Amino acid sequence: MAKRNNEHISIQDALKEFVETNRLEKGLDKVNVADAWAKLMGNGVNNYTTSVNLERETLYVQLNSSVLREELGYGKQKIISMLNEELGKEIIKKLILR
């Protein structure tokens with residue numbers, strides 16, 4: 001049976017330690033990126049977004065509107081910086097709109 005630790009730690013620290021111990025950061029980053037995309041882009045863009053996938057440092061966004069894809073293509077670097085700022089760390093280096 002595991003030994004009980006009598007030190008008091010916050011829930012935030014306990015969860016952070018659990019995530020680091022079990023190497024769950026990459027999976028959580030994928031979920032957080034999809035949530036950040038939905039939050040920052042709003043309903044107008046989300047209605048045309050079919051999938052958001054993070055692989056390594058590249059974010060792949062599937063859109064079903066070629067016009068919207070072209071418009072978002074002009075502001076890729078701004079979108080990347082906004083998403084990274086929302087996430088609080090430099091996760092995305094490249095954005096590919098499909």
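The exercises below concern a predicted model of one protein chain.

**Exercise 1.** Determine the order of the secondary structure elements and how spread out the protein chain is.

Solution. Begin with the count: the protein chain has 4 helices and 3 strands. Read from the N terminus, the order is α-α-β-β-α-α-β. The box filled by the C-alpha atoms, taken along the principal axes, is roughly 60 × 25 × 20 Å.

**Exercise 2.** Work out how β2 pairs with β1 and with β3.

Solution. Take β1 (residues 49–55) to start: 6 bridges join β1 to β2, and the two run antiparallel. Within this pairing, threonine 49 has leucine 63 of β2 as its bridge partner. The two strands form a hairpin with 2 residues between them. In the turn, arginine 56 has a positive phi of about 55°. Then turn to β3 (residues 94–97): 4 bridges join β2 to β3, and here the strands run parallel. Valine 61 stands opposite leucine 97 of β3.

**Exercise 3.** Is strand β2 mostly covered or uncovered?

Solution. A residue is buried if its relative accessible area is under 20%. By this cut-off, 5 of the 6 residues of β2 (residues 58–63) are buried, and the strand is mostly covered. For the protein chain as a whole, 26% of the 98 residues count as buried. The chain exposes about 7600 Å², of which carbon and sulfur atoms supply 48%.

How values were computed
Residues are numbered from 1 along each chain as its sequence is written. This is a predicted model: local features need pLDDT of at least 70, side-chain atom pairs count only at pLDDT 80 or more; totals for chains, interfaces and linings use all residues. Side-chain values use heavy atoms; hydrogens and water are left out. Buried means under 20% relative accessible area, exposed over 50%, partly exposed in between (1.4 Å probe, protein chains only). Accessible areas come from the Shrake-Rupley method with a 1.4 Å probe; for residues, only the protein chains shown count as cover. Two strands pair if DSSP finds at least two bridges between them.
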